[in-house]
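Trainee: Could you walk me through how to read a few features of a model like this one? I would like the general idea, then the case at hand.

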There are 2 protein chains.
Amino acid sequence: MGPRKTTTRARLITTAAELFRRQGYAQTGVNQIIQEANATSGSFYHFFPAKEDLLLAVVDHIAEVFEAEIFGPAAARSDDPISEIFTILDLYRRQLDDEGPTFGSPLVSFSAEISENHPQVRARLAEVFSSWTARIEHLVQTTDKRLPPTLDRAAVAQLVVCAMEGAALGARLNHSLAPFDATVSQLKTFFGLLEDREEPARMMTAPGRTVSATAPRAVDWRSW
Amino acid sequence: MGPRKTTTRARLITTAAELFRRQGYAQTGVNQIIQEANATSGSFYHFFPAKEDLLLAVVDHIAEVFEAEIFGPAAARSDDPISEIFTILDLYRRQLDDEGPTFGSPLVSFSAEISENHPQVRARLAEVFSSWTARIEHLVQTTDKRLPPTLDRAAVAQLVVCAMEGAALGARLNHSLAPFDATVSQLKTFFGLLEDREEPARMMTAPGRTVSATAPRAVDWRSW
């Protein structure tokens with residue numbers, strides 16, 4: 001495959017990603033994609049025999065963008081698993097901020113279109129959801145003894161991903177990042193409290209230590 | 001307006017709600033709605049001069065269903081604000097379970113269709129989001145001294161609503177309630193820890209009391 005063909009294919013995908021996200025899959029005609037991507041219908045159907053093939057490529061593309069712009073950089077920047085989780089959320093926020101209110105996660109954007117007519121797309125979106133959850137779960141697992149031993153780490157990862165996606169939806173609906181920021185602030189409160197819960201266990205290694213009645217609280221949940 | 005007209009209008013709305021949710025707004029033709037609602041195109045356009053008018057009525061209808069089947073019963077059953085929040089989540093779960101995997105919140109279902117072409121619908125969905133958040137925030141406020149005084153109660157409410165919506169999305173994508181259940185379990189962990197944080201404040205009213213090195217933890221975050 002020559003570079004020109006690769007470029008046309010990539011242009012069709014990025015154009016479609018933008019149009020699907022902004023106006024929905026069903027409302028976006030193939031002709032509009034071809035025109036805005038400056039392509040031809042011959043090249044379109046060469047790469048994507050059916051419109052659904054393009055939708056699958058768009059989902060893959062957005063998952064790659066998330067990897068390249070969110071998960072990858074967060075891993076590179078963080079040597080602490082909990083701060084890596086919040087770097088992911090921060091980089092996601094920047095995407096929402098940069099791309100404007102119509103930016104949305106592929107999960108949210110296409111959820112209404114994953115009808116029984118598009119089982120392959122639904123399956124692919126579920127895979128993306130699982131890969132994100134697995135990634136966060138790995139980080140929560142890596143925290144080792146910082147979090148309570150009985151904590152259901154897989155469930156915490158699901159909360160983080162669901163809250164993140166719901167917050168992206170809230171930002172989109174409200175044309176404001178306020179719901180996203182509030183959600184992240186309380187996830188920080190949650191992790192702060194979880195870490196703080198180890199306090200009694202640490203105290204157990206220092207028997208006889210007492211808690212001063214006037215001691216300040218160990219964690220201020222407003223200023224992570 | 002006679003009873004027959006009311007019935008036709010209601011039937012058009014509930015039929016459209018089901019079709020929009022299952023296959024998306026754009027993919028649902030007016031003719032399909034008219035046929036499945038056993039109506040006529042005359043009655044359709046009498047009630048809904050434009051398809052978007054029907055979409056707005058559907059959003060209102062779903063908000064009413066949430067009020068009648070989730071928020072109202074939760075308030076009637078609970079005399080404790082935190083358990084009311086979890087009753088809301090439980091009743092929401094039952095909706096997801098009863099109506100099957102394609103059931104979704106109006107916020108999630110229509111998020112992809114709230115393009116610049118439907119500013120009125122986006123505004124209405126944002127209102128629904130705000131009303132839910134206000135409702136949860138009121139409950140969190142009502143907890144009074146059970147939660148830390150510095151806690152940002154409005155932000156906690158946003159987390160609950162965003163997590164709930166993200167979890168409904170996760171359930172729909174995965175055709176499984178597991179993401180919803182995991183999310184709710186960790187919201188319970190969060191509230192349990194928040195309540196437990198009052199412990200030091202209560203201890204301050206009993207000066208001289210010490211923490212036993214072998215005392216069990218006050219909250220088991222697995223078994224709310």
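**Reading backbone and packing**

Mentor: Happy to, and keep in mind that this is a predicted model. His175(A) lies in the loop between α8 and α9 (178-196) of chain A, and its phi is positive, about 50°, although it is not a glycine.

Trainee: Where is Asn38(A) found, and is Asn38(A) buried or exposed?

Mentor: Asn38(A) sits in the loop between α2 (30-36) and α3 (41-47) of chain A. Asn38(A) has 10 C-beta neighbours inside 10 Å and therefore counts as exposed. Its phi is positive too, about 55°, and it is not a glycine.

Trainee: And how do I read a pair of helices?

Mentor: Two packed helices are described by the angle between their axes and the distance between the axes. Here, the axes of α5 (residues 81-99) and α8 (residues 153-174) of chain A come within 11 Å and cross at roughly 20°. Angles under 35 degrees count as roughly parallel, so α5(A) and α8(A) are roughly parallel to each other. Their crossing is right-handed.

Trainee: Which residues of α5(A) and α8(A) meet?

Mentor: From α5(A), Ile85(A), Leu89(A), Tyr92(A) and Leu96(A) meet Val160(A), Met164(A), Ala168(A) and Ala171(A) of α8(A). By class, this contact has eight nonpolar, no polar and no charged residues.

Trainee: What about the nonpolar core?

Mentor: In soluble globular proteins, nonpolar side chains tend to be buried together. The largest nonpolar core here has 116 residues, of which Val160(A), Ala163(A), Val160(B) and Ala163(B) touch the most other members. Leaving aside neighbours within four places in sequence, the contacts of Ala163(B) include Leu159(A), Cys162(A) and Ala163(A), as well as Thr183(B) and Leu187(B).

How values were computed:
Residues are numbered from 1 along each chain as its sequence is written. Chains are lettered from A and ligands numbered from 1 in the order in which they are written. This is a predicted model: local features need pLDDT of at least 70, side-chain atom pairs count only at pLDDT 80 or more; totals for chains, interfaces and linings use all residues. Axes are lines fitted to C-alpha atoms, for helices over the stretch in contact, and angles run from 0 to 180 degrees between N-to-C directions. Helices (H or I, at least four residues) and strands (E, at least two) are DSSP runs, numbered from the N terminus. Angles under 35 degrees count as roughly parallel, over 145 as roughly antiparallel, 65 to 115 as roughly perpendicular and the rest as oblique. A crossing is left-handed if the near helix is turned anticlockwise from the far one by less than a right angle, and right-handed if clockwise. Two residues are in contact if their C-beta atoms, placed from the backbone, lie within 7 Å. Ala, Val, Leu, Ile, Met, Phe, Trp, Tyr, Cys and Pro count as nonpolar, Asp, Glu, Lys and Arg as charged, and the others, Gly among them, as polar. A nonpolar core is a set of buried Ala, Val, Leu, Ile, Met, Phe, Trp, Tyr and Cys residues joined through C-beta atoms within 7 Å. A residue is buried if 20 or more other C-beta atoms lie within 10 Å of its own, exposed if 12 or fewer, and partly exposed in between; C-beta atoms are placed from the backbone.
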